[in-house]
There are 2 protein chains.
Amino acid sequence: MVQATDLPRNEDGIAEALAVLQQQFGDRCQTGQAIREQHGHTTTWIKNQSPDAVIFARSTDEVAQIVKICAAHKVPVIAFGTGSSLEGHVNAPAGGISVDLSQMDAVLAVNAGDLDCRVQPGVTREALNTYLRDQGLFFPIDPGANASLGGMASTRASGTNAVRYGTMKDNVLSLEVVMADGTVIRTGQRARKSSAGYDLTRLMVGAEGTLGIITEITLKLQGIPEASSSARCSFPSVDAACRTVMNVVQYGLPVARIELLDAQTVGAVNAYSKLDLPETPMLLVEFHGTEAGVAEQAEVFGMLAEEHGGTGFVATSTAEERNKLWQARHDAYWATLQLRPGAKGISTDVCVPISKLAEAVGAAQARLAELGFIAPIVGHAGDGNFHALLLVDPDSAEEQEKANDFVGWLNDLAISLEGTCTGEHGIGQGKKPYLLKELGVATGVMAAIKAALDPDNIMNPGKILPG
Amino acid sequence: MVQATDLPRNEDGIAEALAVLQQQFGDRCQTGQAIREQHGHTTTWIKNQSPDAVIFARSTDEVAQIVKICAAHKVPVIAFGTGSSLEGHVNAPAGGISVDLSQMDAVLAVNAGDLDCRVQPGVTREALNTYLRDQGLFFPIDPGANASLGGMASTRASGTNAVRYGTMKDNVLSLEVVMADGTVIRTGQRARKSSAGYDLTRLMVGAEGTLGIITEITLKLQGIPEASSSARCSFPSVDAACRTVMNVVQYGLPVARIELLDAQTVGAVNAYSKLDLPETPMLLVEFHGTEAGVAEQAEVFGMLAEEHGGTGFVATSTAEERNKLWQARHDAYWATLQLRPGAKGISTDVCVPISKLAEAVGAAQARLAELGFIAPIVGHAGDGNFHALLLVDPDSAEEQEKANDFVGWLNDLAISLEGTCTGEHGIGQGKKPYLLKELGVATGVMAAIKAALDPDNIMNPGKILPG
């Protein structure tokens with residue numbers, strides 16, 4: 001268990017703000033221990049630091065009111081979506097108020113002609129896609145979890161489709177944000193592009209709620225492609241699979257997804273789902289386009305894979321078979337946990353230039369073997385982003401320390417390869433030490449922006465930056 | 001001539017800084033009137049406000065030295081690339097030092113395997129593409145002018161290819177920037193994506209040199225497509241052409257370019273290049289992909305165009321014929337100027353949601369006719385961005401005032417249609433009044449960031465924000 005640092009609490013301020021908030025929000029301001037703990041919940045190993053209260057907000061006005069009250073008393077405000085973040089983003093190291101946005105879950109507008117929509121932050125990606133389906137539209141970003149779109153924007157999430165459709169930074173057109181003094185801003189209009197001043201949209205995307213709380217999101221959408229097909233291919237080595245990915249990217253093949261599963265992951269999936277996939281590194285690929293286009297893409301992919309010793313190439317375009325193929329990828333997390341029942345999974349998140357991916361994955365595998373960890377690796381290979389899921393005994397301080405050391409070693413390796421310690425999970429509390437290693441004095445610029453926009457450090461304090 | 005406001009000059013500081021800089025940079029610190037005027041040159045109607053000196057910098061260290069000296073004396077520093085900006089970006093309303101980056105023109109690294117490169121800011125887009133050609137790579141952003149990549153990053157430039165490849169914000173991976181105190185930061189690593197802290201890359205892209213001077217740029221590259229083809233099609237009305245564009249976008253057709261020329265522009269091009277294109281609204285389209293892919297795209301486009309009354313559809317894939325077809329587009333600016341010899345061209349730059357493009361172009365045409373302006377319109381239609389080029393008598397104050405009023409009217413219209421006053425030219429001096437109308441209190445957040453990162457307001461003062 002990483003001992004996330006507790007920060008000094010403003011006890012008087014918290015008590016005063018809480019009294020006002022309870023009066024104003026009644027039942028929707030909850031202070032029971034279970035609900036507070038749930039709102040400090042992290043899906044990883046960082047210890048729970050519960051807020052003092054949870055308020056279920058229903059409108060931008062309400063969020064602004066909460067922030068104004070907290071600002072007046074210098075009390076922390078932490079935005080909460082679905083709690084699926086991985087680096088302690090929703091913890092309350094200095095106490096304060098968790099603003100639960102899950103009831104702000106309305107799709108406010110869909111402009112099919114412009115391929116955009118406007119949603120409240122509590123809408124989840126699955127709910128949005130269900131809402132859009134009969135208009136022939138979809139929102140492509142898929143981080144795995146059924147996260148809220150506000151949370152996805154705040155962590156600059158991406159996932160399996162990013163190689164084709166980009167990350168949240170590429171798919172948010174504009175935001176409504178409640179700033180640290182309660183002011184409500186809109187960061188942009190609905191035009192597809194703009195050169196109007198500083199890019200506040202991109203500044204808020206990935207800011208993890210430390211500069212303001214996102215209360216509305218205008219998103220780019222995609223038309224559901226005429227045709228989709230999927231393929232899998234096995235490789236003699238991680239290196240061969242990664243070289244294939246590099247060629248695919250260089251070729252300009254517009255793959256919608258290209259995922260790497262290492263041999264250990266394939267083994268775990270076989271055991272979990274009773275499959276008999278060859279237990280070697282595997283690539284899972286998806287193509288979107290016209291009927292002829294996806295057929296051509298699959299053919300080119302098969303050719304490139306063969307050049308690197310790929311075997312067992314299977315492409316399929318029926319929805320049922322595609323789903324079956326991707327089930328292996330979707331099951332990977334749960335399948336992996338079954339390799340060591342009772343263990344806790346700790347996920348790494350480095351991202352390197354694609355030309356360095358084979359080196360990084362190979363080095364990670366060797367180091368994990370040396371340390372004796374069971375830790376299968378899956379990767380969003382087209383982005384150079386991969387996750388090792390270390391299975392750690394939650395009762396062994398020694399194992400946890402060893403895991404922590406490995407995470408640090410891997411982050412350092414990625415940074416030395418011109419990569420990043422976090423491709424998509426964010427900094428939160430867990431990766432703060434590595435941000436400085438990665439970006440050096442640029443973190444001073446971040447701190448200056450934070451101080452200018454949130455001088456009392458009430459917006460999700462203790463995340464991203466020191467203090 | 002718009003009377004760009006002069007700002008108070010720090011005469012003592014300028015004299016002191018200049019003495020130090022002249023000693024340090026010798027011949028490369030120039031104060032002749034011609035060169036100073038050239039560096040305050042604007043390609044539009046904004047009056048020239050020359051800097052006090054121009055220094056030709058050769059390295060990041062030199063830029064940092066210049067900024068440190070200017071910071072010590074509170075003297076403005078204005079970055080200069082090729083001077084092709086359109087909104088007074090390189091003017092020196094409070095005097096100060098123009099830092100000419102044209103000699104920092106080295107391509108520092110090309111990583112073909114990762115489809116990226118690192119360049120100095122003085123490299124122009126044409127020079128980069130010449131450099132890349134024999135590696136089968138290209139950089140897609142094409143704003144028309146052979147601008148420097150530092151300047152293009154600073155104005156968040158885009159142009160004809162943005163509908164497929166995005167704008168500078170989507171194609172810059174990371175930056176090296178000299179901040180207002182002379183500190184040199186790097187905003188990111190070379191990974192394709194990252195969730196590591198605030199997105200300083202996107203904050204600097206489009207900041208017009210008001211937060212720092214870009215001294216290195218890491219750019220995403222594209223493989224030169226296996227096949228390209230182009231097509232043109234004439235339409236009975238702007239509305240029919242715009243509805244076709246909307247359908248193309250909704251269909252998900254990955255057009256590389258889709259440009260609108262109104263009837264007046266086609267007429268001008270016919271006269272200038274001795275062509276006999278039908279003088280009705282026209283779309284020019286380009287497709288990139290595989291042989292089969294571009295053929296399929298052209299076929300789908302032809303079908304969609306026909307549904308809206310498109311005629312004279314011609315698709316061609318030989319380089320020579322494609323170039324001839326695009327010549328009409330490239331000639332549009334010069335052809336338009338010939339419609340009224342001696343007149344000065346004043347370009348608008350609004351960008352609206354695509355569903356509002358027909359309404360915006362139609363309203364602009366009607367208003368221009370009512371005001372008696374010759375003002376052909378071309379548009380990056382796939383982005384909803386269009387330019388009217390008003391031909392104005394440089395000696396008539398009345399015409400210029402009328403043109404100015406029109407620009408304001410059009411900006412207001414675009415904003416009311418959920419669009420922006422600037423799709424790609426930037427705010428500079430010319431569009432400052434409209435930024436507030438467009439983004440309201442969000443401009444206060446921009447001002448707070450500016451004050452935090454440049455407390456003495458020495459970085460390109462008087463641009464984007466008031467003061």
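The C-alpha centres of domain 1 and domain 2 of chain A lie 27 Å apart. This is a predicted model. The domain assignment places domain 1 of chain A at residues 107–223 and domain 2 of chain A at residues 227–416. Nine residues from domain 1 of chain A and 11 residues from domain 2 of chain A take part in the contact.

**Buried area at the domain interface**

- Between domain 1 of chain A and domain 2 of chain A, about 830 Å² is buried.
- Carbon and sulfur atoms give 49% of that buried area.
- On the side of domain 1 of chain A, the residues that lose the most area to domain 2 of chain A are A:Thr160, A:Val163 and A:Arg164.
- Together, A:Thr160, A:Val163 and A:Arg164 make up 64% of what the domain 1 side buries.
- Helix H6 (residues 162–165) of chain A gives the most to the side of domain 1 that touches domain 2, with four residues.

**Polar and charged pairs across the interface**

- Five residue pairs, both at pLDDT 80 or more, are in polar contact across the interface of domain 1 of chain A and domain 2 of chain A.

**Nonpolar surface patch**

- A:Tyr272, A:Tyr333 and A:Trp334 make a nonpolar surface patch of about 330 Å².
- One of these patch residues, A:Trp334, is found in helix H12 (residues 319–337) of chain A.

Key
Residues are numbered from 1 along each chain as its sequence is written. Chains are lettered from A and ligands numbered from 1 in the order in which they are written. This is a predicted model: local features need pLDDT of at least 70, side-chain atom pairs count only at pLDDT 80 or more; totals for chains, interfaces and linings use all residues. Side-chain values use heavy atoms; hydrogens and water are left out. Patches are made of residues with over 30% relative accessible area and no salt bridge: like charges are joined within 9 Å, nonpolar side chains (Val, Leu, Ile, Met, Phe, Trp, Tyr) within 5 Å. Accessible areas come from the Shrake-Rupley method with a 1.4 Å probe; for residues, only the protein chains shown count as cover. A salt bridge is a side-chain nitrogen of Lys or Arg within 4 Å of a carboxyl oxygen of Asp or Glu. Helices (H or I, at least four residues) and strands (E, at least two) are DSSP runs, numbered from the N terminus. Domain bounds come from an automatic or database domain assignment. Contact means heavy atoms within 4.5 Å. Buried area is the accessible area (1.4 Å probe) that two parts lose on being put together, summed over both. A polar contact is a pair of N or O atoms within 3.5 Å; within protein, one must be able to donate a hydrogen and the other to accept it, and residues adjacent in sequence count only if both atoms are side-chain atoms.
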